[in-house]
Amino acid sequence: KIVDKVQNDLNVWVDVFKTEPQVRDFMYDPLSNVEEKKGLVNDVVKKAGMQGYTSNFLNLLLDMGRFDQLEEIAQVFEEEVMK
């Protein structure tokens, strides 16, 4: 199912943030350039073969200045959608 794939994609990002704190710091920094963040997101999505839905969602979070909530969102997604 597509939701399983999106959940997996979100978990990849959470795992990257745990193993690469500098990536997390960059992505969560409100002063970092949004276009550079989008470039990183797009590179990771493409290289990891993630879903288009995931890419769109992550870019929406960047546009709305809410990317720093990704880990919480991933947790809620798993709790509520993956029941």
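**Exercise 1. Which residues in α3 are buried?**

Before you start, note that this is a predicted model, in which local features need pLDDT of at least 70, side-chain atom pairs count only at pLDDT 80 or more, and totals for chains, interfaces and linings use all residues. Residues are numbered from 1 along each chain as its sequence is written, and side-chain values use heavy atoms, with hydrogens and water left out.

*Solution.* 

Step 1. A helix is a DSSP run (H or I, at least four residues), numbered from the N terminus. Buried means under 20% relative accessible area, exposed over 50%, and partly exposed in between (1.4 Å probe, protein chains only).

Step 2. Apply them: Lys-37, Lys-38, Val-41 and Val-45 of α3 are buried.

Step 3. Look around the axis. These four cover an arc of only 100° (taken from the directions from the helix axis to the C-beta atoms), which puts them on the same side of α3. Here is a handy rule: an α-helix has 3.6 residues a turn, so residues three or four places apart point the same way.

Step 4. Turn to the other side of α3, where Glu-35, Lys-46 and Lys-47 are exposed.

**Exercise 2. Describe how the rings of Trp-13 and Phe-67 are paired.**

*Solution.* 

Step 1. Rings of Phe, Tyr and Trp (its six-membered ring) pair if their centres lie within 6.5 Å; planes under 30 degrees apart count as stacked, over 60 as edge-to-face and the rest as tilted.

Step 2. The whole structure holds four aromatic pairs. In the pair of Trp-13 and Phe-67, the centres are 6.0 Å apart and the planes stand at 80°, so this pair is edge-to-face.

Step 3. Now locate the partners: Trp-13 sits in helix α1 and Phe-67 in the loop between α4 and α5, 54 residues apart, so the pair links distant parts of the chain.

Step 4. Both Trp-13 and Phe-67 are buried, and together with Phe-17 and Tyr-28 they form one aromatic cluster.

Conventions
Helices (H or I, at least four residues) and strands (E, at least two) are DSSP runs, numbered from the N terminus.
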